Amino acid sequence: MTKGNDSRDRVTKWIRRIARIWAFPIVVYALIMFTGYGWNWVTTGVADPHAVEGYPFIEALPPILMFLSVLGLGIAWRWERLGGTIAIVFELAVLAVLLIDRPITDDFPRSAVPYLLSMIVTTPGVLFLVCWWRSRRRSIPIESV
């Protein structure tokens, strides 16, 4: 019985390691972007000096939701269930906004990029939830029949 649990623990550790390795560059990149916008805001008074006037809010919504999803990936390093859920929920919101605002059929190769980015950010969130689920199952005693 311990051999099966030991292999399950190893698989869970590998999944957790893959999720963390995958999430690390995403979180670092988002922090660099956020820091850059913040620094620009402090020094010039405007977050993006090249922003166009009259920019619709729905165009800014996917990056904001994606940043919140990346924040969930950072939280998942400590609390896998909470962070993975935050990442997936916000990425589903990004997907909904993208489907409403920019259908994938419009100018296909170019319009597929935000969907691919969404998948790249969602995958570690799913892996963190899988780790949490496997860890939780391991702690539940299984009665032998």
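Phe34 has its place in helix H1. The model is predicted, and the protein chain in it has four helices and zero strands. Counted from the N terminus, the elements run α-α-α-α.

- The C-alpha atoms of Phe34 and Phe67 are separated by 8.8 Å, although the two residues stand 33 residues apart along the chain.
- Ala30 also lies in helix H1.
- With a relative accessible area of 12%, Ala30 is buried, since that class requires a value under 20%.
- Once residues up to four places away in sequence are set aside, Ala30 touches Phe67 and Val70.
- A separation of 9.9 Å is found between the C-alpha atoms of Ala30 and Leu68, a pair that is 38 residues apart along the chain.

**The salt bridge**

- The count of salt bridges comes to one.
- The side chains of Arg16 and Glu80 meet in a salt bridge, at 2.4 Å from N to O; this pair qualifies because the limit is 4 Å.
- The pair links distant parts of the chain, with Arg16 in helix H1 (residues 2-44) and Glu80 in helix H3 (residues 80-101).
- Arg16 and Glu80 are both buried.

**Packing of H2 against H3**

- Two packed helices are described by the angle between their axes and the distance between the axes.
- Helix H2 (residues 57-76) packs with H3 at an angle of about 165°, and their axes are 7 Å apart.
- H2 and H3 are therefore roughly antiparallel to each other, as angles over 145 degrees fall in that class.
- The crossing in which H2 passes H3 is left-handed.
- The residues of the contact of H2 with H3 divide into 17 nonpolar, four polar and four charged.

**Pro114 in helix H4**

- Pro114 is found in helix H4, which spans residues 108-139.
- The relative accessible area of Pro114 is 19%, so this residue is buried under the 20% cut-off.
- Leaving aside neighbours within four places in sequence, Pro114 is in contact with Met66, Leu98 and Arg102.
- Pro114 and Pro62 are 52 residues apart in sequence, while the distance between their C-alpha atoms is 8.7 Å.

**The chain as a whole**

- The protein chain has 145 residues, of which buried residues make up 26%.
- Among the contacts in the protein chain with a separation of 6 or more, 71% are accounted for by residues 24 or more positions apart.

Methods:
Residues are numbered from 1 along each chain as its sequence is written. This is a predicted model: local features need pLDDT of at least 70, side-chain atom pairs count only at pLDDT 80 or more; totals for chains, interfaces and linings use all residues. Side-chain values use heavy atoms; hydrogens and water are left out. Helices (H or I, at least four residues) and strands (E, at least two) are DSSP runs, numbered from the N terminus. Buried means under 20% relative accessible area, exposed over 50%, partly exposed in between (1.4 Å probe, protein chains only). Axes are lines fitted to C-alpha atoms, for helices over the stretch in contact, and angles run from 0 to 180 degrees between N-to-C directions. Angles under 35 degrees count as roughly parallel, over 145 as roughly antiparallel, 65 to 115 as roughly perpendicular and the rest as oblique. A crossing is left-handed if the near helix is turned anticlockwise from the far one by less than a right angle, and right-handed if clockwise. Ala, Val, Leu, Ile, Met, Phe, Trp, Tyr, Cys and Pro count as nonpolar, Asp, Glu, Lys and Arg as charged, and the others, Gly among them, as polar. Contact means heavy atoms within 4.5 Å.
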